[in-house]
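Dear colleague,

I am passing on to you the structure that we talked about, and below it you will find some notes on what turned up when I went through it. Please keep it open while you read, so that you can follow each point on the screen.

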Amino acid sequence: LNAARAKIHAMLYLLLAAASLASGQMTLRGRTVARAPAMVHNRAEADCAKGKVAARNVLGAMRTRRPLPKVRADVDSFLSVVGAGVVGGVATQLLQKSYGGQTQAAPVAAPAAGPESAPITMDEVLEAQRKWSEAIKTISATYLNKGDYIKAAGDAAAELYGYGKSKVLFKPTKAAEFPFRPTGTEAMSYFVGGSVVEGGYKEDAGFAINGGKGWSDVKFTNHQVDLNGNTAVAMGSYVF
């Protein structure tokens, strides 16, 4: 019975130590979610020390005494189960008390949302089409006037296409052997001719200069324009 009493005392000390630790600092998945003042930690350390001493005394007594009768061994097992349940219950209650009745990790701040772009308007779609039309006429006129039409085409591509900023889904009308042009170099090859662009394609005669003939005008006719926030899709025709 003395050994059983000592064991109960040891459990009470361990319970007190667990309670102090639970109220002092708790961690979930390696992240601190609660922190108490230093005095609570000091109390926890003292309680842990007492619990360790009491537990060491009980273990020493158990090594030197004779095996317990079956009934006494059952009592010891029962006390161990009850003690473990009490420790767990108290720790849970302390956690619930600390977090308003529910055990949960400290809230994590959501990442700041980036600035939202304004929705595209019909006027912006029409303006983009107007600029594209003007670019074709400017490149053609520069070529026919013996000017630097390659620079004019490069400036237009930089303004009207997203090369270097995003993926560009460009499938030129007259491109056959290389129907898709995902890079700026391939787009320039198509617009001014593969023979004047390093890495250009032989099939490209220069769409923006009409193979050397030039264009006098480009007119867009929209069948339907679908505005979708920061994107827009226009379907129709353009006549040169």
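In this predicted model, the residues of helix 5 that are buried are Tyr149, Ala152, Ala153, Ala156 and Ala157. Looking down the axis of helix 5, you will see that these buried residues fall within an arc of 135 degrees, so they line one face of the helix. The general rule behind such a pattern is that an α-helix has 3.6 residues a turn, so residues three or four places apart point the same way. On the face of helix 5 turned away from the buried side you will find the exposed residues Lys151 and Glu159, while the cover over the buried residues includes helix 4 (122-144) and helix 6 (184-192).

The length of helix 5 can be checked as well: its 12 residues, 149-160, should span 16 Å at 1.5 Å a residue, and the C-alpha atoms at its ends are 16 Å apart, which agrees.

A search of the whole structure finds one cavity of 30 Å³ or more, and the largest cavity holds about 70 Å³ of space. Its lining is made up of Trp132, Ala135, Ile136, Ile139, Ala153, Ala156, Ala157, Leu160, Tyr161 and Phe191, with helix 4 and helix 5 each supplying at least two of the residues. Sorted by class, this lining has 10 nonpolar residues, with no polar and no charged ones.

The largest pocket, for its part, has a volume of about 1200 Å³. Of the 29 residues that line the pocket, Ala128, Gln129, Trp132, Leu160 and Ala232 lie nearest its centre. The elements that give two or more residues to this lining are helix 4, helix 5, helix 6, strand 3 (219-228) and strand 4 (231-239), and strand 4 gives the most, with seven residues. The lining of the largest pocket divides into 18 nonpolar, seven polar and four charged residues.

Is serine 133 buried or exposed? Its relative accessible area is 6%, and because buried means under 20%, serine 133 counts as buried. If its neighbours within four places in sequence are left aside, serine 133 is in contact with Asp217, Val218 and Phe220.

With best wishes

Note on methods. Residues are numbered from 1 along each chain as its sequence is written. This is a predicted model: local features need pLDDT of at least 70, side-chain atom pairs count only at pLDDT 80 or more; totals for chains, interfaces and linings use all residues. Side-chain values use heavy atoms; hydrogens and water are left out. Helices (H or I, at least four residues) and strands (E, at least two) are DSSP runs, numbered from the N terminus. The expected span of a helix is 1.5 Å times one less than its number of residues. Buried means under 20% relative accessible area, exposed over 50%, partly exposed in between (1.4 Å probe, protein chains only). The arc is that of the directions from the helix axis to the C-beta atoms. Contact means heavy atoms within 4.5 Å. On a 1 Å grid over the protein atoms alone, a cavity is a set of points where a 1.4 Å probe fits but cannot get out, and a pocket is an open set with protein on both sides within 12 Å along at least five of seven lines; lining residues have an atom within 4 Å of a point. Grid points are joined across faces, edges and corners, and a volume is the space filled by probe spheres set on the points. Ala, Val, Leu, Ile, Met, Phe, Trp, Tyr, Cys and Pro count as nonpolar, Asp, Glu, Lys and Arg as charged, and the others, Gly among them, as polar.
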